[in-house]
Amino acid sequence: MKIHDTIFGLIFLALGTSVLFAVRGFPNIPGQPVGPALFPGLIAIGLCITGFMLVIKGLRNQTPTAWFEWEDWVHSPRHVLALCVLLASIVFYIAFANSLGFFATSFIILVAMFKALRVAWRRTLIVSLVASFLVHFAFYKLLRVPLPWGILTPWAW
């Protein structure tokens with residue numbers, strides 16, 4: 001779907017403004033020149049500037065364009081299926097990540113996504129297994145994010 005730049009600009013402006021409004025209540029850390037509001041505030045300012053630029057660009061556009069326009073892929077059942085698998089995988093992860101664990105959930109999601117994109121089975125299984133392991137290693141060991149083990153709890157390291 002193509003969305004007019006003015007609409008995206010207004011969304012960015014609203015998001016940036018709401019973040020700026022939210023971070024103004026963050027407490028300052030005594031003795032620190034920067035506080036917890038610095039980075040979200042900088043990102044919010046960037047969103048506001050980008051949003052303003054998009055609104056100006058959209059209003060200056062001399063050629064009349066539709067506010068919303070469907071892309072050609074919307075009429076392709078294969079692409080619509082891939083989008084549905086993507087959205088369902090998000091819901092699946094939220095629903096089953098704690099009970100199945102990160103490994104099993106990410107493996108199932110990757111297999112479903114690769115099959116929706118018509119990737120061969122052998123490549124699907126290998127890449128899904130390796131990617132699940134690498135992402136788990138990066139987040140669990142290197143970044144120390146507590147990912148759920150679920151059914152693999154007896155083998156947790």
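The side chains of Asp5 and Lys57 meet in a salt bridge, with a distance of 3.1 Å from N to O. The structure described here is a predicted model. Side chains of opposite charge can pair when their charged atoms come close. How many salt bridges does the count come to? The count comes to one salt bridge.

Asp5 belongs to helix α1 (residues 5–23) and Lys57 to helix α2 (residues 38–60), so the pair ties together parts that are 52 residues apart in sequence. The two partners can also be described by their accessibility. Asp5 has a relative accessible area of 25% and is therefore partly exposed. Lys57 counts as exposed, because its relative accessibility is 52% and the exposed class begins over 50%.

## The packing of α4 and α5

Helix α4 covers residues 102–116 and helix α5 covers residues 121–142. Where the two helices pack, the angle is about 145° and the axes are 9 Å apart. The crossing of α4 and α5 is right-handed.

Which residues of α4 make this contact? On the α4 side they are Phe102, Phe103, Ser106, Phe107, Leu110, Val111, Phe114 and Lys115. The α5 side contributes Trp121, Thr124, Leu125, Val127, Ser128, Leu129, Ala131, Ser132, Phe133, Val135 and His136. Of the residues in the contact of α4 with α5, 13 are nonpolar, five are polar and one is charged.

## Two residues of the contact

Phe107 lies in helix α4. Leaving aside neighbours within four places in sequence, Phe107 is in contact with Leu125, Ser128, Leu129 and Ser132. Phe107 and Val130 are 23 residues apart in sequence, and their C-alpha atoms are 9.1 Å apart in space. Is Phe107 buried, partly exposed or exposed? With a relative accessibility of 26%, Phe107 counts as partly exposed.

Leu129, one of the residues that Phe107 contacts, lies in helix α5. Leu129 counts as exposed, because its relative accessibility is 56%.

## Aromatic pairs

A pair of aromatic rings is described by the distance of the centres and the angle of the planes. A search of the whole structure finds six such pairs. One of them joins Tyr93 and Phe102: the distance is 6.3 Å centre to centre, the planes are 80° apart, and the pair is edge-to-face. Tyr93 is partly exposed at 29% relative accessibility, whereas Phe102 is buried at 9%.

Why is the pair of Tyr140 and Trp149 edge-to-face? The planes of the two rings stand at 90°, so the pair falls in that class, which takes angles over 60 degrees. The ring centres of Tyr140 and Trp149 are 5.4 Å apart. Tyr140 has a relative accessible area of 22% and is partly exposed. Trp149, with 12%, is buried, because the buried class covers values under 20%. Phe103, Phe133, Tyr140 and Trp149 form one aromatic cluster. Of these residues, Phe103 and Phe133 also take part in the contact between α4 and α5.

## The segment after α5

Ile151 is found in the segment after α5. Which residues does Ile151 touch, not counting those up to four places away in sequence? Ile151 touches Ser99, Leu100, Gly101 and Ala104. The C-alpha atoms of Ile151 and Phe102 are separated by 9.5 Å, although the two residues are 49 residues apart along the chain.

## Positive phi angles

Most residues other than glycine have a negative phi, and most peptide bonds are trans. Arg118 has a positive phi of about 65° although it is not a glycine. Arg118 is found in the loop between α4 and α5. At 64% relative accessibility, Arg118 counts as exposed.

Arg144 likewise has a positive phi, near 60°, and is a residue other than glycine. Where is Arg144 placed? Arg144 is in the segment after α5. With a relative accessible area of 69%, Arg144 is exposed.

Definitions and conventions: Residues numbered from 1 in each chain as written. Predicted model: local features only at pLDDT ≥ 70, side-chain atom pairs only at ≥ 80, totals over all residues. Heavy atoms only, no water. Axes fitted to C-alpha atoms, helices over the stretch in contact; angles between N-to-C directions. Helix = DSSP H or I, 4+ residues; strand = E, 2+ residues; numbered from the N terminus. Left-handed = near helix turned anticlockwise from the far one by under 90°. Contact = heavy atoms within 4.5 Å. Nonpolar A, V, L, I, M, F, W, Y, C, P; charged D, E, K, R; others polar. Phe/Tyr/Trp six-rings, centres within 6.5 Å; stacked < 30°, edge-to-face > 60°. Buried < 20%, exposed > 50% of the residue type's maximum accessible area, 1.4 Å probe, protein only. Salt bridge = Lys/Arg side-chain N within 4 Å of Asp/Glu carboxyl O.
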